[in-house]
Amino acid sequence: MVWCDELQREIPKGWKVSSLSDIAVLQAKSVMPQEGTAYNHYSIPAFDDTHSPAVEDGKAIASNKYVVPDNSVLVSKLNPQFKRIWLIIDSTDNAICSTEFLPVKATETGVYALYSLLNSDAFSVHLIQNASSSTGSRKRIDPDNCMSYKFPYDQKVFARFDKAIQPLLMKITGIPTETQALVALRDWLLPMLMNGQATISD
């Protein structure tokens, strides 16, 4: 470990200081949802409630959203003291997100390493310290401040970490989908059990 004046702390010897903008880009492509089309809507309520996108008709959304790219990370701009970092592996053709999210896509490292970086406590502190607001209840992070986050970086180490963490994060991201399927099965089966249409045999 060696002292780094720029970060005011020790970092691994041989590593450099990089900004988030050096290894990732914002992909904030706007789209207006269309009536009669079903969308996977990544919203802040959906994150807080089920950590899964809500399936909604475009008519119910009724405002511009961002297209959600594959292999990206959604970072909430709103009230960063509440950590909302969403890993997106395989988005659908009609995947959209609230404009309160920043879609960040890796350019130099893998998405799993990028997610781990953005899910870190150090990144959360950066967002909280740089959030601004005209009221005390709602604070937001500016996209430029998000992408200016500085951290110690070594491309080869990040690549190895990305490969090592991939199986674990893939399993974690699959849990909400499995939970939704179980909830749907319960909601379908429970009324049938209660009214006698179905029984539990020995």
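Colleague: Happy to start with the cavity: how does the lining of the largest cavity divide by class?

Modeller: First, this is a predicted model, where local features need pLDDT of at least 70 and side-chain atom pairs count only at pLDDT 80 or more, while totals for chains, interfaces and linings use all residues. Residues are numbered from 1 along each chain as its sequence is written, and side-chain values use heavy atoms, with hydrogens and water left out. Ala, Val, Leu, Ile, Met, Phe, Trp, Tyr, Cys and Pro count as nonpolar, Asp, Glu, Lys and Arg as charged, and the others, Gly among them, as polar. On that basis, the lining has six nonpolar, two polar and two charged residues.

Colleague: Thanks! Which helix gives the most to the lining of the largest cavity?

Modeller: A cavity is a set of points on a 1 Å grid over the protein atoms alone where a 1.4 Å probe fits but cannot get out, and lining residues have an atom within 4 Å of a point. The residues that line the largest cavity include F82, F123, S124 and L127. Helices are DSSP runs (H or I, at least four residues), strands are E runs of at least two, and both are numbered from the N terminus. With three residues, the top contributor is helix 5 (residues 121–130).

Colleague: And what volume does the second largest pocket have?

Modeller: A pocket is an open set of points with protein on both sides within 12 Å along at least five of seven lines. Grid points are joined across faces, edges and corners, and a volume is the space filled by probe spheres set on the points. This pocket has 13 lining residues, with F158 and F161 among those nearest its centre. Its volume is about 180 Å³.

Colleague: Is F158 buried or exposed?

Modeller: Buried means under 20% relative accessible area, exposed over 50%, and partly exposed in between (1.4 Å probe, protein chains only). W15 has 25%, so W15 is partly exposed. F158 has 11%, so F158 is buried.
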